[in-house]
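Work through these exercises with the model open. Try each task before reading its solution.

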Amino acid sequence: MADHDYNNDSADSAEEESSDSEGELCKTPKVDTTRRCCFAAANRRKTMDAVIAEMEHEPPSETKLSLIDLLCIGVGSTVGSGVFVLTGDVLPVAGPSASLSWIFAGAACLLSGFAYMELSARLPTRGSCYTFSYHGLGELWAVIGAFCITLEYGVSGAGVARNWSRKMGNFLGEDYKHVVFFYFGKGTWAANATAAELDDPYARTDHNYMDLSAAFLTAGCTLLLMGGLSLSKAVVNLMTLMKVLLVIFMVICGFLGASQNIFESGEVFAPGGISGVVNATTLLFFGFIGFDEVCCLSSKAKNASRTMPLALIGTLGIAAVVSFTAQLAISLISEPGKSSDFGTAFADKGWTVVSWIVCLGELILLPLVVLLSILPQPEVSATMATDRLIPSIFRKQSSDGTFVWGLALTGLIALVALALACPVSILWNVISLGVLLSFNLSNASLINIRYGNVGVVSQPR
């Protein structure tokens, strides 16, 4: 890492020599230099000068992201599973009061969001949690941060692809499943499964199957990103607009088809009481996953120091308002105390056309989340390659500034393999770990940058 300036506070590990009483050279008692060297390397921090030098030597990109572009990326990656899935899942937990849980969950994310806003203004370069941790905590924590980003985005994209494929199978029928799903290993069936179902692998309730359509979707999104940011930016903006319009359509239909007065009493609005609202808040926290994605794209933003904080707070605000109104809408049309989703709720009311539009729209727009999940991955890989933590091939760019090799290695190989064969249940568990850990690392980095000298506000030396 000779081409960067790093801070290393450890003492020199070389052995000291001294002279004994007879004038002969003798060595002082040997200390555990290996442990000290490892500790020093793990806590080596990238200075602000090194970050600025990287920004100055950044090749000019033909395509820059405006505030609107960043908002579309943030909203497109955040508003998705929260509205389509979580709004129905929390109804048995908190009832209509889950709408308040969305506000509380958004406020909780905003606390971490403030840290991301300040850090992105201080360090307007790519890498997000990785760069923040490298500057504020050290190299070891930066590597952990990069791993967390991979879990939060790359791995989650593979999970969303498999979820989309399963929804497509439910929409198109059993013939589709027979073509794209190939089960393996020991399976599980429903407790009341018939003998015929026990002999049918496609009646299994587990996720141990090879999913061809999820692999093809992941590969297609990766190839689209390899085509350049100008092409993918137009697709993202269009699909985000379509997603917001679909949610507005669902909300309007939900209010028009209201079958109950959710404000009739406190018991009707909050059947679970305060504990129900709190429990729903912990579940809905993950509905805001993706708001920090824009930080990974700082190097491609116009006037990053100004636009990044605005993009972050705008993403959280829009996502909270959209999710709040969607929760109210589904509460008005769903049976109290039962889990549901918009498509099922409209179908139960006899609104077949509306239900069909919602289900089809979700299938068309859910791939946007996969696309946006892959988008920041090559940015993080390129930053690590610049710091010589991974091979330099990950930072090779095309003429328009696209990290083609990074996309090919992470998207077409690693993520396609995950989408093809890794069960969704395993993916979601590791994703939750990565999200929480990345938030903690970013918050700790800001604290250490501000108060890294016994409570005195200072920058790392």
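Predicted model: local features only at pLDDT ≥ 70, side-chain atom pairs only at ≥ 80, totals over all residues.

## Exercise 1: V90

Task: Decide whether V90 is buried or exposed, and list its contacts beyond four places in sequence.

Solution. Start with location. V90 sits in the loop between α4 (81-89) and α5 (91-94). Its relative accessible area is 1%. Buried means under 20%, so V90 is buried. Now go beyond the neighbours within four places in sequence: V90 contacts G95, A98, A280, L283, L284 and Q327. V90 and T281 are 191 residues apart in sequence, yet their C-alpha atoms are 9.2 Å apart in space.

## Exercise 2: α6 against α14

Task: Describe how helix α6 (residues 98-122) packs on helix α14 (residues 273-284).

Solution. Two packed helices are described by the angle and the distance between their axes. Here the axes of α6 and α14 come within 8 Å and cross at roughly 55°. The two helices are therefore oblique to each other. The crossing of α6 and α14 is right-handed. On the α6 side, A98, S101, W102, F104 and A105 make the contact. On the α14 side, V277, A280, T281 and L284 do. Sort these residues by class: seven are nonpolar, two are polar and none is charged.

## Exercise 3: α12 against α18

Task: At what angle do helix α12 (residues 229-256) and helix α18 (residues 367-374) pack, and which residues meet?

Solution. The angle is about 140°, with the axes 10 Å apart. Roughly antiparallel needs over 145 degrees, so α12 is oblique to α18. The crossing of α12 and α18 is left-handed. From α12 come V235, V236, M239, T240 and K243; they meet L368, V369, L371 and L372 of α18. By class, this contact has seven nonpolar residues, one polar and one charged.

Note on methods:
Residues numbered from 1 in each chain as written. Heavy atoms only, no water. Axes fitted to C-alpha atoms, helices over the stretch in contact; angles between N-to-C directions. Helix = DSSP H or I, 4+ residues; strand = E, 2+ residues; numbered from the N terminus. Parallel < 35°, antiparallel > 145°, perpendicular 65-115°, else oblique. Left-handed = near helix turned anticlockwise from the far one by under 90°. Contact = heavy atoms within 4.5 Å. Nonpolar A, V, L, I, M, F, W, Y, C, P; charged D, E, K, R; others polar. Buried < 20%, exposed > 50% of the residue type's maximum accessible area, 1.4 Å probe, protein only.
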